[in-house]
Amino acid sequence: MAAVTAHEDLLRSRPDHPVLSRGTYLASHTLGAMHRRTPDRLAEFTTLWAERGVASWSVWGPEVVRVADLVGAIVGAPPGTTVLRQSVADLLGAVASAIDWSGPRNRVVYSDLEWPSSHYLWTEQARHGAEVVVVPSEPDPSLPGERAIEASVGRLVAAIDERTAIVPISHVLFRTSALVDVRPVVERAHAVGALVVLDAYQSAGVVPVDVVELGVDACVGGSVKWLCGGPGAGWMYVAPHAAERLRPAAVGWWGHARPFDFEFGPMEYAEGAMRFAGGTPGVPSAYAAGAGYEAVLAAGVGRIRERSVSLTQPLLEDALSRGFTVRSPRDPARRGGAVAIDPGDALHVRDELLARGFTVDARPGVGLRIGPHFYNTAEECAAVLDAVEEVLREQRSRPSATMAW
């Protein structure tokens, strides 16, 4: 009860997220609940377009920059070091295009625990001369989850050498919500002169991230999940030293030093992170995302983290007490904002839960993923496990099908 009382101000934000009034929404790890101000923000965009036409760019352009700085503030990035593009794949493509794969330093090294979409992108760099090194995660089934992640990080660190150009690594793993200690990776990569790009898609907005303190060269993420910003607003922080070093080939006019001069000549890069801004920005997505960012900043990521742990730890322990398999780390300090629970036949259970008004998701080989955010309650977390047990009881009580002769 004390944990709930301590976060009553966060719970007062529930009416700001309309989907919460329509059922038990526990899927912010996959799609954060839309903020009630998002339609108003989109209306601001369309009203400008309708009433001012092309003159809207005098407002749209600065707003895109402002929104980029909002998400930058969430991950500890100084103003002017974060840009928006459509997706993480788009942003990583720009980073990959800035690397000279033709020389002896042509390796991209990462773990097989990474998000598959990023894996697809990096493997395709082989056509440009990249040597793609995918480090297998720790295969020892006797190691508990936390130790297995540590061992996997150790294997990754050992694979980084003087031939490594870049190391992509996730802060929180998408399947199990394991929180990765990326410091050994950053230290090793920098010791041999390699870049590190951190994927904070699964952590930003629910786990404190300080890109400057971590010392990463770049940090990417999207707005779909804990940031409650919706699709189409990928973001990337680029450390000033890295921005000046990198010359992306995947560029657009928005990344030019003087975009509105429309110069026909060699690419002249904008200073800092803006050189990665690409072409015409997704203005509607920026307007939509801003409301979610502001809500996260108002709540404070530190307090959101406290609230998250106060919900997910009892959820995890309750699942274990009911005999369910838990595939997320049990130590909250080693876990992100979601809990992976496998009750068996997870896809069927998920569908039944959806039909009963409980929104969660499922992943092959993992089970159900349940992600309460700062606007959820302890009662909702307990109720979803009650519903899982009810689904399983009903499933067991159904008579087995027999063949009619």
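Guide: A nonpolar core is a set of buried Ala, Val, Leu, Ile, Met, Phe, Trp, Tyr and Cys residues joined through side-chain atoms within 4.5 Å, where buried means under 20% relative accessible area with a 1.4 Å probe, protein chains only. This is a predicted model, in which local features need pLDDT of at least 70 and side-chain atom pairs count only at pLDDT 80 or more, while totals for chains, interfaces and linings use all residues. Residues are numbered from 1 along each chain as its sequence is written, and side-chain values use heavy atoms, leaving out hydrogens and water.

Visitor: Which residues have the most contacts inside the largest nonpolar core?

Guide: In soluble globular proteins, nonpolar side chains tend to be buried together. Here the largest nonpolar core has 97 residues, and those with the most contacts inside it are Leu84, Trp122, Ile166, Val216, Trp235, Met236 and Tyr293. Apart from it lies another core, of 24 residues, with Leu316 and Phe358 among them.

Visitor: How are strands β3 and β4 joined, and do they run parallel or antiparallel?

Guide: Two strands pair if DSSP finds at least two bridges between them, strands being DSSP runs of E with at least two residues and helices runs of H or I with at least four, numbered from the N terminus. Strands β3 (residues 107-111) and β4 (residues 131-135) run parallel and are joined by five bridges, and Arg107 has Glu131 in β4 as its bridge partner.

Visitor: How many helices and strands does the protein have?

Guide: The secondary structure comprises 14 helices and 13 strands, and buried residues make up 52% of the 405 residues.

Methods. Buried means under 20% relative accessible area, exposed over 50%, partly exposed in between (1.4 Å probe, protein chains only).
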